[in-house]
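Hello,

Please find the structure below. My notes on it follow.

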Amino acid sequence: MKHFSGLSSALAVSATVLLLAGCATAANSSAEPPAAGGSGDRYTQDDVTTATGIHDVTSVFSVPKSLPEDLNLAYINPSLGTPFFKSMSDGYKAAAEFYGVDIHEADLGNFNFADAVNKYDTISVFQPEVVGILTPSGAGLVDRTRADGVKLLASGIPIEGADGFIGTPERETGMLAGSVLAEGVAPLVDDEWADQEVVFVGLGQAAIPTTMERVESGLEGFEAGGVEPDSAEFPDLGKSATVADGVRVMADFLTAHPEQAIAVVAMNDQAGVGALQAVQAAGRQDDVRIVTIGADEVGRAAFKSDDGIILGEVDLNPWGAGWRWVEAALALALDEEFVIPAPERVITRDNVDELYPED
Amino acid sequence: MTATIVAQPGTPPASPPPKPKADPVDRILDVGIYIALAALVLVFSVASPYFLTVGNLLNIGQAVAQTGILAAGVTIALIAGQLDISFGSVIAITAVLIAVLTSAGVPVAVAVLAAVVAGLLVGVLNGVLIVHLNISSIISTLAVGTAVTGGAYLVASGQVVPLPDPTVFSWVNARILGLPVPMLIAIAVYVAGWILLSKTKLGAHIYAVGGNSSAALRAGIPVKRIYFTVLLISSGLAVLAGVIVLGRTGAGDPSYGAADMFTVLGAVLLSGIGLGGGTGSVQRTLIGVLIIGVLANGLVLLGVQSYYQQLLNGAVLVLAVVMEAIRRKRRSR
């Protein structure tokens, strides 16, 4: 038995040894993006384009080539187990390396937002100039960062009282997704779907208003694209919006709507892929078309392999979102301004191999 | 975990069963978690210049306070033989109720009172199912917890509800004599828990009931009342943890508490308490809480990818369960 007791401590010790997008900050929306070329004391768009390769990041701030020493950043990632946020993590680490700053990372696990302040406390020992987070409940973090004199750059979801916000302009993103959906569905409405009711479905998370704004704008874009659905519904994906959530919600929806034709805007790739799986399991391929938002690895893989149910993916470029967060954070640290263009790139069958050749 | 109580009137009262004398191997098993904690502290101190700073140690104290408070309640219930896993839902309903009610203009004191009542009702409901309907505590508290979490989502309409005036709970983020308030609360809880379990008649009864409920009943111990008491203590401490989370985040979120299951049960099991009841102490649970807290903190400081953190946390839990299995096997000889 002594062996096991020793083992317990030995394992603990040895294990630890071994494991040694559209709108800008509230105040920063008027700045110009970096110039395309030239040289000098700041990085240009050409520099960023070269550095980011296939990720093709549009820079949001022309970062000075000489930055203050010891400038470091921190990002509290909501879920490194989610492909979108893993890609984002890779992006902000690549940007930090490119610009020569340190970035410290903490993970909330599976969107454990209750732990955000504790995670901040942990990484605050590095005394970062700017800390970033995506959370729907950031009031406590605002107080904590303010007390430390650290700037809080909210990411994805605005936080009241934060020093800045960088994220996807939800309305434009949703509108774009809706218009892509309308473009693909319009011919069907005149043909195969002519005798069916058409239902618009927006898959979002009721608890996170920005996701609902995204999919509700999808309906707006869908209608603006010339397709008037007979009805629109917005079933709740729940807390985490995973593939499993997409399967569950869509399977129930298909059961409740056995005769209808269904046009779906999914708030992210996971929900869209889940919806796709539910459609395939139900044998309803002829009745459903989907547009997803995000274009992470999971979404792109499903898009490349499915048989035409997913019409396209609005490319939020998660890797690029991470890169841009670093640029925005550096702007905030230097009391300068940054901008972000709205997403305008849509992945289609015609361009997916060109845009993501390494998939 | 089932509260099968067979009364045999006329049996003379008995004092709580004496603790068996530990042999050297059991002693080593017992000190294993202390060695593990010391080793982790040593490793992280060497590996990161930030770890052994006062600021970081206080951060750890603050971060583990919530887990610690919950784990103390679970420990007390488990010593009595009842595994309460509804604590996460109590955190959620507490935070959400206070946020929703204060947003509706209800005075803070009334909102807090409502949350306390709701939390204690969870304990009462658990007690009714376990004691009167003889349902396993795991099943009862899982079912009640699931329903209460659903209730929290309903109350919050599935939304995160910001506090209208977060400064009301700013005391949660304050420091007294340089020490974070949640940490001080946790210390108070553990001192109270230690006194309760080791210095009071109720504590002796809790051990006796957990060790052998039938014998305890024959000895005249009010077993049912003990069960209700420990479940209420567990729920009450979860309410306290819920208030702390609310103060820390400034918002009520029905998903709060869902992620605490692993850390709390991990800390409790790491203490070697086992699931059988009748043994354990809050002091040992505190060590389990600290091990998990130090691990979480140190791995972030070292920049270890979170996947490895999860792997290590799981490994620690497996280790704890294995140690308990060995201990149980030795006792049964």
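Domain bounds here come from an automatic or database domain assignment. This is a predicted model, in which local features need pLDDT of at least 70 and side-chain atom pairs count only at pLDDT 80 or more, while totals for chains, interfaces and linings use all residues. Residues are numbered from 1 along each chain as its sequence is written, and chains are lettered from A and ligands numbered from 1 in the order in which they are written.

Chain A is assigned domain 1 (21–168 + 318–344) and domain 2 (170–315). Their C-alpha centres are 30 Å apart. Between them, 12 residues of domain 1 are in contact with 17 residues of domain 2 (contact: C-beta atoms, placed from the backbone, within 7 Å). On the domain 1 side, helix α3 (residues 83–99) of chain A gives the largest share, 3 residues (helices are DSSP runs of H or I, at least four residues, and strands runs of E, at least two, numbered from the N terminus).

Chain A also has an open sheet of 6 strands with mixed pairing, in the order β7-β6-β8-β9-β10-β11 (strands pair if DSSP finds at least two bridges between them). β7 (231–233) and β11 (346–347) of chain A are at the edges with a single partner strand each, so one side of each has no neighbour in the sheet. Strands β9 (residues 288–294) and β10 (residues 310–315) of chain A run parallel, joined by 5 bridges. Gly294(A) stands opposite Asp315(A) in β10(A).

Chain B has 12 helices and 4 strands. Its C-alpha atoms fill a box of roughly 60 × 50 × 35 Å along the principal axes.

Regards

Note on methods
Contact = placed C-beta atoms within 7 Å.
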